[in-house]
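Thanks, everyone, for making time this morning.

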Amino acid sequence: MSQKICVVGTGYVGLIASVGLADFGNTVTGVDLNEDKINKLKEGISPIYEPGVEDYLRRNLDSGRLKFTTGIDYAIKDSTVVFIAVGTPENDNGEANLSYVESVVNSIADNLNDYKVIVTKSTVPVGTNRWIYELLKEKTGHENFDVVSNPEFLREGRATQDFFHPDRTVLGCESEKAKEIMFNVYRSLNLISVPFVWCNLETAELIKYASNAFLATKITFINEIANLAEAVGADIHQISKSMGMDGRISPKFLHPGPGYGGSCFPKDTKAVAMFGKKYGVTMNLIESVIDTNDKQKARMVEKLKTSIGDIKGKTIAVLGLAFKQQTDDIRETPALTIVDEILKAGGKVQAHDPKAMDNFAKIFPDIMYCHTAYDAAKNADAVVIVTEWNEYRGLDLIKLKHAMKGNFILDTRNLLDPEIVVARGFIYEGVGRK
Ligand code: UGA
């Protein structure tokens, strides 16, 4: 049986959940305080760049199963399942800021007119779901509700595929009544045999952090081996490929690069380190991953300096500003460190990115933003590829060389074939290979 759902927060997580849950046949109301955003969504316009999302948005708006509103009170009253999908940004001390979550919980308490399942989709520190339960109990004076932890594992840029074909669905759920309702919410996934992991609240919360921390560790590991490969004259691609052939290791997340970024890995690894401190458990490995990843970002500029010498007065074309391809998200992107270091060293930056220039310009308004990669390369002493956009894989090297003053390419994602690049008259530097 489909369910009446309200999703509070129409940011990245909330938007995908709203369209996805409606597509499963549920009746969904997406709620946000931001009126502009809600008006756009009502018209079928996505406030974020995410491939495929607008098709799902329009399809479900047309079907009448999906609505958007700023009226949180009625939306909660009218639903059986309330998803919390608001942001949990980092405070200055690195802790997750739960004030948005708390404000939603207050609204739920005010509108708990009947039994409801409160589902947390936002990534929240271990213990938060139990805190939500206690807060609701205290505010309402009853326990006619259940709290479920349902972390998401979506990747930006592939969020719709990930929503409809997840590797697993994790449900921290401690009541049979809520279990039955959540099973109905996700019935479509059960039909395609997606495994459901039923566990307690803390386990679900920690599964999310452990998964992200593990992937961040895997990337950091291969980056460290790449740096060693460079020093000994080995080829990281053959190493990654061969390691990945071992079923126990798997080839995924073994691509070396300028360090991981985004809104999740940096925040979640720091959160795990903080939980360790809070509960008196040593977290040496995660702390080292955080530190090593920061150094990897800075290392890219060191590589540039080693190859072209003093950056002062030189023009550097930076290709790619987003933290990865298929997104306009620049949170913790290696490009922030790289551009900052180039500017500090007295260099000039000419940047290009297919999607993320507007966002980057909010932080670095004074660098030059260019329409194409070739415009960015105009009179540049060096080109640095930072994001793995497909269009950079197919760069016309002759045109690029023509535009440039110098001939150095730092390919931090190993997108190009070094032999071809060198044959076109460039000096090439990748990560973990000669
Ligand atoms: C990550 C997780 O992959 C999702 O499962 C999770 O739901 C999400 O965080 C979240 O917690 O919300 P995302 O941040 O969108 O997703 O991006 P990833 O595709 O995981 O990439 C993260 C960073 O690692 C990027 O900077 C990427 O370029 C880098 N990366 C990834 C590498 O450097 N090498 C790799 O082999 C893979």
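When I say polar contact, I mean a pair of N or O atoms within 3.5 Å; within protein, one must be able to donate a hydrogen and the other to accept it, and residues adjacent in sequence count only if both atoms are side-chain atoms. Please keep in mind that this is a predicted model, in which local features need pLDDT of at least 70 and side-chain atom pairs count only at pLDDT 80 or more, while totals for chains, interfaces and linings use all residues. Residues are numbered from 1 along each chain as its sequence is written, and side-chain values use heavy atoms, with hydrogens and water left out.

Let us begin with the ligand. A backbone N or O atom of Phe153 lies 2.9 Å from one of the ligand's oxygen atoms, and for a polar side-chain atom of Lys208 the distance to a ligand oxygen is 2.6 Å. A backbone N or O atom of Leu254 is found 3.4 Å from an oxygen atom of the ligand.

Now to Glu230, which sits in helix 10 (residues 201-232), where helices are DSSP runs of H or I with at least four residues, numbered from the N terminus. Is Glu230 buried or exposed? Glu230 is buried, because its relative accessible area is 11%, and buried means under 20%, with a 1.4 Å probe and protein chains only. A polar atom of the Glu230 side chain lies 2.8 Å from the backbone nitrogen of Gly432.

Notes:
Helix = DSSP H or I, 4+ residues; strand = E, 2+ residues; numbered from the N terminus. Buried < 20%, exposed > 50% of the residue type's maximum accessible area, 1.4 Å probe, protein only.
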